[in-house]
Amino acid sequence: MGRSILSLLSSRLTVLLAVLLVASVVAVGPAQGQGESAKPVEREVVELDDDHGHTQTDEEILEDQVDSYLAEFDVGADAARRNVLLLEDIGPFVAQTRAAGSDVIAGMFAEHVPELKIVVLTTKSTARLEAALADSPIEVEVREGYARTKAEAKAILREEKATV
């Protein structure tokens, strides 16, 4: 259980890559028009397990994530568990917010202490962005007044890099 989140992610990524590699291997028959059809794809099932051959349950994975969160942030066990569960489901909200505010968002990040919240950095506020933020499962703080959006800053960096 005391493994770091990077160690867990690294081992999970290795297994995921192996699964993708195995799944991408397709047994194909002779070329079309030669009288035989393609053979069915056979896939190997690979279980995710730790370094000792033990397949982790969802609850064990959650407990590992909570332990890692506790080690990283100065919060109690209940808050760590709640925050890990909230962060697992935040993806669609983040995607919706980025799409709604792509013309004004300078950046987004999660602030974990003293309470979990999403901070959205903007050049200005818009009704479309405000509507997207209203659906947040987590507290949101908007900080306005940034000079450039994330896309504009990236474009400037690309231009500067090209001149070097």
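**View 1. Ala153 is partly exposed, with a relative accessible area of 32%.** Here "partly exposed" sits between buried, under 20% relative accessible area, and exposed, over 50%, using a 1.4 Å probe and protein chains only. Ala153 belongs to helix 6. Helices (H or I, at least four residues) and strands (E, at least two) are DSSP runs, numbered from the N terminus. Look across to Ala106: 47 residues separate Ala153 and Ala106 in sequence, yet their C-alpha atoms are 8.2 Å apart in space. A word on what you are viewing: this is a predicted model, in which local features need pLDDT of at least 70 and side-chain atom pairs count only at pLDDT 80 or more, while totals for chains, interfaces and linings use all residues. Residues are numbered from 1 along each chain as its sequence is written, and side-chain values use heavy atoms, with hydrogens and water left out.

**View 2. The whole protein chain holds 6 helices and 3 strands.** Starting at the N terminus, the order of elements is α-α-α-α-β-β-α-β-α. Of the 164 residues in the protein chain, 26% are buried. The protein chain exposes about 11,200 Å², with carbon and sulfur atoms supplying 56% of that area; accessible areas come from the Shrake-Rupley method with a 1.4 Å probe, and for residues only the protein chains shown count as cover. Among contacts (heavy atoms within 4.5 Å) with a separation of 6 or more, 44% join residues 24 or more positions apart.

**View 3. Helix 2 (residues 58-72) meets helix 3 (residues 77-88), with axes that come within 9 Å and cross at roughly 115°.** The axes are lines fitted to C-alpha atoms, for helices over the stretch in contact, and angles run from 0 to 180 degrees between N-to-C directions. Helix 2 and helix 3 are therefore roughly perpendicular to each other, a label given to angles of 65 to 115 degrees. The crossing of these two helices is right-handed, meaning that the near helix is turned clockwise from the far one by less than a right angle. On the helix 2 side, the contact is made by Glu59, Leu62, Glu63, Gln65, Val66, Tyr69 and Leu70, and helix 3 brings Ala77, Ala80, Arg81, Asn83, Val84, Leu85, Leu87 and Glu88. These contact residues divide into 9 nonpolar, 2 polar and 4 charged. In that count, Ala, Val, Leu, Ile, Met, Phe, Trp, Tyr, Cys and Pro are nonpolar, Asp, Glu, Lys and Arg are charged, and the others, Gly among them, are polar.

**View 4. Arg82 also lies in helix 3.** Arg82 is partly exposed, at 40% relative accessible area. From Arg82 to Leu116 is 34 residues in sequence and 9.5 Å in space, C-alpha to C-alpha.

**View 5. A cis peptide bond runs from Val113 to Pro114, with omega near 10°.** Most peptide bonds are trans. Pro114 is in the loop between strand 1 (105-111) and strand 2 (117-122). Ala110 is part of strand 1 and is partly exposed, at 30% relative accessible area. Beyond its neighbours within four places in sequence, Ala110 contacts Leu116, Lys117 and Ile118.

**View 6. Tyr146 occupies the loop between strand 3 (139-143) and helix 6 (150-163).** With a relative accessible area of 36%, Tyr146 is partly exposed. Setting aside neighbours within four places in sequence, Tyr146 is in contact with Ala106, Leu121, Thr122 and Thr123. Tyr146 and Thr123 are 23 residues apart in sequence, and their C-alpha atoms are 4.6 Å apart in space.

Definitions and conventions
Angles under 35 degrees count as roughly parallel, over 145 as roughly antiparallel, 65 to 115 as roughly perpendicular and the rest as oblique.
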